[in-house]
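Please keep the sequence and the structure in view while reading.

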Amino acid sequence: MKDGFRQSMAWLHTWVGLVVGWVLFFVFVTGTAGYFDDEIDRWMRPELPLAERLDDVERDAMLALALDRLEQVAPGAGRWSIELPHYALQPRGMQGLTISWEELPERGQRQGRRGREALDAYTGEPAEAIEPRATGGGQLLYRMHYLLHYFPRNVGILLVGACTMLMLLAIVTGVITHAKIFKDFFTFRSGKGQRSWLDAHNVVSVMALPFFLMITYSGLVFFPIQYMPAAITTVYGDSPQPTRAFFDEFFERSDEVRLPLARPELSLARMIDHAEAEWGAGQVTALDLRHFEGQAPQVDVRRAHGTQIDFRDPETMRFDATSGERIASDAPMHGAGKTRNVLIALHEGLFADIWLRWLYFAAGLLGCAMIGTGLVLWTVKRRKRHQKRDGGAPSFDAAGLRLVEVLNIATIAGLPVAVAAYFWANRLLPLEIADRAQWEVHSMFLTWGWVFLYASLRPLRRAWIEVLWLAAAAFALLPLLNLLTTDRHLGVTVAHGDWALAGFDLTMLGLAALFCYMARTLQRKWRSEAGSAGETEARAASADGETWSNVEAEVAQ
Amino acid sequence: MIAFSDAARYRWAVFSRVIAAAVGGYALTSAAIVLLALIWPLPRAQAVGVATLLGFAIYAIAVIWVFSTRSAWRAWIGMVAPTAVFALAAWWLLPGGGA
């Protein structure tokens with residue numbers, strides 16, 4: 001602990017940041033990839049068709065076909081839903097005619113079995129299902145950012161939660177430490193060693209500070225039962241299942257009894273027309289049919305999400321299915337619920353259109369940069385202190401520093417290589433091997449482990465440069481690998497205008513360029529430093545005992 | 001010898017504060033959100049919901065206080081005393097409690 005408020009906050013910032021830095025880097029990398037989870041899903045299932053636009057389909061006929069099919073597969077169910085062809089947010093992309101249903105719950109159960117089926121909008125027959133390769137896809141990558149991998153679900157959630165809480169602390173203490181937050185934002189002193197790393201850390205951190213605060217706090221809000229159960233379990237302590245009692249009450253879930261549905265005699269298309277007269281053409285995305293005991297059967301018409309942030313709670317218009325009259329919808333969510341929903345929606349960013357989505361992605365990358373520069377800054381500061389000390393004899397501290405440096409290389413440069421390996425495995429693993437999806441992930445973590453070993457056996461500076469070049473190569477060659485192994489490569493996807501698939505390949509090239517730039521910059525900088533090292537004796541020894549001139553010799557090899 | 005025991009004392013003080021922050025801070029937060037949930041003038045579920053949402057901010061402030069106060073002893077007292085007061089008040093307000 002240091003004297004003075006700001007000093008003790010700086011101390012806290014340093015150590016909290018170091019302890020969770022690598023886990024948070026993993027969380028930020030996989031979470032940032034998660035903003036394009038659906039696009040990655042599609043890339044990793046190249047058997048699926050290219051994006052298509054449905055031509056105008058006659059609505060009355062289509063609804064009749066959907067009802068035919070629902071009567072056939074889910075007679076007397078408790079809910080029927082018909083999704084019209086539209087641009088969906090989850091999964092993102094054009095979605096054709098789809099039906100889903102929930103059967104009446106069995107005795108003692110709260111929910112019935114659910115089903116879902118994509119239909120051909122012209123024939124009403126179940127759409128031909130294409131069996132894609134076994135893969136975890138983008139969803140698995142995205143789930144890693146809150147579950148990690150190889151851990152039981154709750155352990156992963158708790159570990160990430162603890163790290164997230166420390167991230168919140170690191171952000172708040174970082175802001176407190178940073179007295180001249182505004183002035184420093186416009187300050188960058190390049191080529192000045194530690195000072196430059198500090199400036200870089202400040203600039204990237206402040207640039208997206210509101211995003212970091214939002215993403216960290218909202219991340220904690222997802223799991224109240226795991227992270228902050230005290231109020232729920234105490235206040236609902238007298239019910240047999242406190243959490244369920246709380247959630248039922250909080251989300252105002254009704255315990256009304258559902259009755260089996262029958263096909264409505266009135267035209268559903270007229271209800272859609274009614275809704276569109278108010279909302280505008282093309283605004284209706286889906287219909288939900290339900291029948292509660294003591295009420296008339298009802299039809300909810302769902303509105304497109306638009307730019308509404310709270311996308312899980314879309315605007316609806318409710319009709320009496322027997323009279324066709326418009327009736328009152330459920331009351332809107334209360335303030336506490338809205339607050340929670342908006343926090344969660346902001347975190348997931350599912351409401352975001354393509355440009356805002358890229359902004360989310362960029363903010364996520366800035367988060368990686370913030371954590372990365374912070375971790376490097378720690379080693380730069382420490383190394384300086386070691387150099388000042390006499391001798392440079394091996395000590396506990398020196399071993400610790402070495403470990404941190406190796407972990408930095410393996411995480412900052414190595415994790416991207418591992419993510420690339422996940423994509424490589426998707427294209428290279430034989431399609432018929434058992435547990436194929438698992439082996440894709442094993443490939444990712446085996447690669448990561450290998451990079452760690454590699455970095456711990458090489459001189460530090462060579463390891464940085466080599467692993468960065470490896471990352472650049474691994475991403476740069478992915479579009480080529482895609483070209484050699486599938487017919488969903490850039491030549492096809494760009495020509496077809498399928499920008500989700502083309503965007504994946506192009507993003508890989510962009511990432512390759514980024515790693516090239518990092519490797520080139522380090523190489524140049526260290527070469528020029530090594531060149532002037534002969535003149536300055538004070539700089540003779542670096543952290544792991546190698547001299548600056550033998551670094552040069554190594555880099556030049 | 002003195003230098004060593006100083007270093008050892010420093011390490012223990014840091015360790016003590018880490019525990020005060022992690023465990024004591026969490027206990028303080030839990031007691032505080034239970035009390036908040038009970039006194040917040042909203043329907044029960046909503047009061048519990050907002051109190052839980054605020055918990056993470058309370059926890060962060062508690063930890064920051066633990067590491068900024070003068071000594072590890074003060075840090076512990078600062079965690080334990082309010083926890084006891086909040087817990088007692090909550091117990092009194094809970095149905096079946098003292099009230």
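**Briefing on the two chains**

Across the interface of chain B and chain A, the rule finds one salt bridge. The model is a predicted one. The points below begin with that interface and then turn to chain A.

**The interface of chain B and chain A**

- The salt bridge pairs R44(B) with E249(A), and their closest N and O atoms are 3.2 Å apart.
- On the side of chain B that touches chain A, the elements giving two or more residues are α1 (2–39) and α2 (44–68) of chain B.
- The largest share of that side, 18 residues, is supplied by α2(B).
- By residue type, the side of chain B that touches chain A divides into 20 nonpolar, seven polar and two charged residues.
- In total, 29 residues of chain B are in contact with 33 residues of chain A.
- The two chains bury about 2800 Å² between them, and 79% of this area lies on carbon and sulfur atoms.
- The rule also finds six residue pairs in polar contact across the interface, both residues of each pair being at pLDDT 80 or more.

**The sheet of chain A**

- Strands of a sheet pair through backbone hydrogen bonds, in either a parallel or an antiparallel manner.
- Chain A contains an open sheet of seven strands with antiparallel pairing, in the order β5-β4-β1-β6-β7-β8-β9.
- At the edges stand β5 (114–118) and β9 (326–327) of chain A; each has a single partner strand, so one side of each is left without a neighbour in the sheet.
- Strand β1 (residues 79–83) of chain A runs antiparallel to strand β4 (residues 98–102) of chain A, and five bridges join the two.
- Within this pair of strands, R79(A) stands opposite E102(A) in β4(A).

**Helices that lie across the sheet**

- Helix α3 (residues 59–73) of chain A lies across β1, β4, β5 and β6 (284–290) of chain A, and runs at about 145° to β1(A).
- Helix α12 (residues 268–279) of chain A lies across β1, β6, β7 (298–303), β8 (316–320) and β9 of chain A, and runs at about 140° to β8(A).

**Salt bridges in the whole structure**

- Over all chains, a search of the whole structure finds 33 salt bridges.
- One of them joins D248(A) to R110(A), with the closest N and O atoms 2.9 Å apart.
- This pair links distant parts of the chain, 138 residues apart: D248(A) belongs to helix α11 (residues 242–250) of chain A, whereas R110(A) is in the loop between β4 and β5 of chain A.

Technical notes. Residues numbered from 1 in each chain as written. Chains lettered and ligands numbered in written order. Predicted model: local features only at pLDDT ≥ 70, side-chain atom pairs only at ≥ 80, totals over all residues. Heavy atoms only, no water. Contact = heavy atoms within 4.5 Å. Buried area = accessible area lost by both parts, 1.4 Å probe. Salt bridge = Lys/Arg side-chain N within 4 Å of Asp/Glu carboxyl O. Polar contact = N/O pair within 3.5 Å; in protein donor to acceptor, adjacent residues only side chain to side chain. Helix = DSSP H or I, 4+ residues; strand = E, 2+ residues; numbered from the N terminus. Nonpolar A, V, L, I, M, F, W, Y, C, P; charged D, E, K, R; others polar. Pairing = 2+ DSSP bridges. Axes fitted to C-alpha atoms, helices over the stretch in contact; angles between N-to-C directions.
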